[in-house]
Amino acid sequence: MNLPAYLFACGAMHWALPAFQFAPLAALRDRTPQAALLLAFLATATHSPLSAEPLELTLLGETELVTGTMIDGVPVRDLSGITYDPRTNTFLAVNDSAGFGAARIFEILLDYDASGITAVAPLGSHLLRDEGGQPLPDIDAEGLALGPDGKLYVSTEGRAGASLPASRDPAIWVFNEVTLQRLTALPLPEMFLPLNADGHPTSPGATNQASGVRSNLGLEALTVTSTGNTLFAANEAALLQDDSRPPFDATFNQAHNSDSRIVRFERDALGNWSVTGQRVYRAEAGTLYLFIVRRFNTVSSILSIDDNGRLLVLERGLRANNLNTGSYLIRLFEVDFNEAEATEVMHEASLLQIPSPTVLRGLTKRLVWQGDSALDNLEGMTWGRPVDGFRSLVLVSDNNNSPNQTTQFLVFRTNIPVLPDTPFLEWLRGYFSEAELLAEGLDDPLRSAFNDRVPNLLKYALGLPPDEPANSIAPMNFHVETANGIGATARLRIPDPPPPGIRYYIEWSDRLDKWFSMDLDELQDPVELPAEEGWRELAIRLPANGPGPRPVYARLRVEEQ
């Protein structure tokens, strides 16, 4: 049922009020469906916040591309980051090509519904390019995100042995989605840069490295919020100065927790990015198996759940033996970056040297899902297309170009509702993020975004912004005029052309106990009044309902089709 929004006017008073100010009076005298709709609005205006509901996942299916699958003459291999492009209904994946040639973006078709995955196939391969349009060779690209502005964000991990100095360091780069040319780079905190003891640049894994990301354990994870103004990135395992031991220390035959840092970047009104926070994410402790087979856990991917700091973290545990083969334990954890108890570490050069009395507290983790045995080296994670009105989650694995591995895809349905693509909601998305619409219930046509008691749907229909007070709604947009106390004319001002998906009805009554209605689209000869460009003003004569000069009440009803 589409709930209508009303605007009242009274011929005797020459003013207008939102309908729900008159709703109790109308409901007492009128038991028609319209009055019931008004009561329904009064009873259902509040919504529970989305953040109160923990994330839940239902596995829909698994599929794979075998190693050696080709597209455009190159193998589909080493996919480490993935993102969904709703404009083309395809997925984009980046490969970590360090030491194996130029970095590429692969376009992938992945079809699925509530019954499972129905198709997977590579559609194209495209080179990442520098500012001059030349291919970017030999970079260890790991994280990938598509912003709402259409730009691609790529994080590079940093590793020893890369051929170019500009490629071996960790970085977060911004690319044009069409040309795939690099546009700019985000400023990284100094503690992430590979430096020697004198503070001079060196390469990750070099014998003189004293701080910064470890080789092949750098900026593995990247995500952008739905607003496009906040970006989170995380290193795969602890920075060199944050932990004297690697995730697995063969010397001491022990595995332990590794502390990664999740960094928050925010963009200002001028488009400049800056670091505004860091929190510690502590991976699960590794496990020893007879001193030969072991499992160590690191951060593989992160994904923004909403615009309030909730993140999904993909934690990967590799169980390896001396032949460098084995299985993977995959865990998904939910964290809140804005957790009050978590320690802010953006000004801490080393987690091992935090001054007393500060106690280092990492983010609280809540296990959402875990799997083992049949899972491959899952590294990338993104939201996909809706399934049955709920957000879907897609994971992809890095096959390491090994014949013993595959490029694996997992698809989940979540419990996060997705708003449909209607003209009214598209209008609201111009003012609010998807998360704000859901969390605050602003997608409800009868909610008032500005709390001025004027429903969002009514503002949409009358061409008024939802985030500003609607003082001008009376009497400019709708009022009633009388002629010597006999008869009445409704004056209506609406956008021209009218907003898509809206129907207007003029309704009138002489005693508020019975209402008569006219569909604006069905009026034969409404009087067109002079109006400024982009607007339409009408004078609509209201029929007389009985003898005698009685006061006439009118209301505008708008419905979303």
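Guide: The following account begins with the chain as a whole and then turns to the core.

The model is predicted. The protein chain holds six helices and 36 strands. Of its 561 residues, 54% count as buried. Among contacts in the chain with a separation of 6 or more, 60% join residues 24 or more positions apart. The chain exposes about 24200 Å², of which carbon and sulfur atoms supply 52%.

The largest nonpolar core comprises 34 residues, and Y504, I506, L542, L556 and V558 touch the most other members. Elements giving two or more residues to this core include the helices α4 (423-429), α5 (434-439) and α6 (456-462). The strands that do so are β30 (478-483), β31 (486-495), β32 (502-509), β35 (535-542) and β36 (553-560). The largest share, five residues, comes from α6.

Leaving aside residues up to four places away in sequence, I506 touches F478, A490, L492, F516, S517, M518, I540, L542, R555 and L556. Two of these partners, L542 and L556, are also among the residues that touch the most other core members.

Apart from this core lies another, of 21 residues, among them I305, W369, L393 and I416.

E142 counts as buried because its relative accessibility is 2%, under the 20% cut-off. Not counting residues up to four places away in sequence, E142 touches S80, G81, V94, D96, S155, E157, L219, E220 and E379.

Terms used: Residues numbered from 1 in each chain as written. Predicted model: local features only at pLDDT ≥ 70, side-chain atom pairs only at ≥ 80, totals over all residues. Heavy atoms only, no water. Buried < 20%, exposed > 50% of the residue type's maximum accessible area, 1.4 Å probe, protein only. Contact = heavy atoms within 4.5 Å. Helix = DSSP H or I, 4+ residues; strand = E, 2+ residues; numbered from the N terminus. Areas by Shrake-Rupley, 256 points an atom, 1.4 Å probe, with all protein chains shown as cover. Core = buried A, V, L, I, M, F, W, Y, C linked by side-chain atoms within 4.5 Å.
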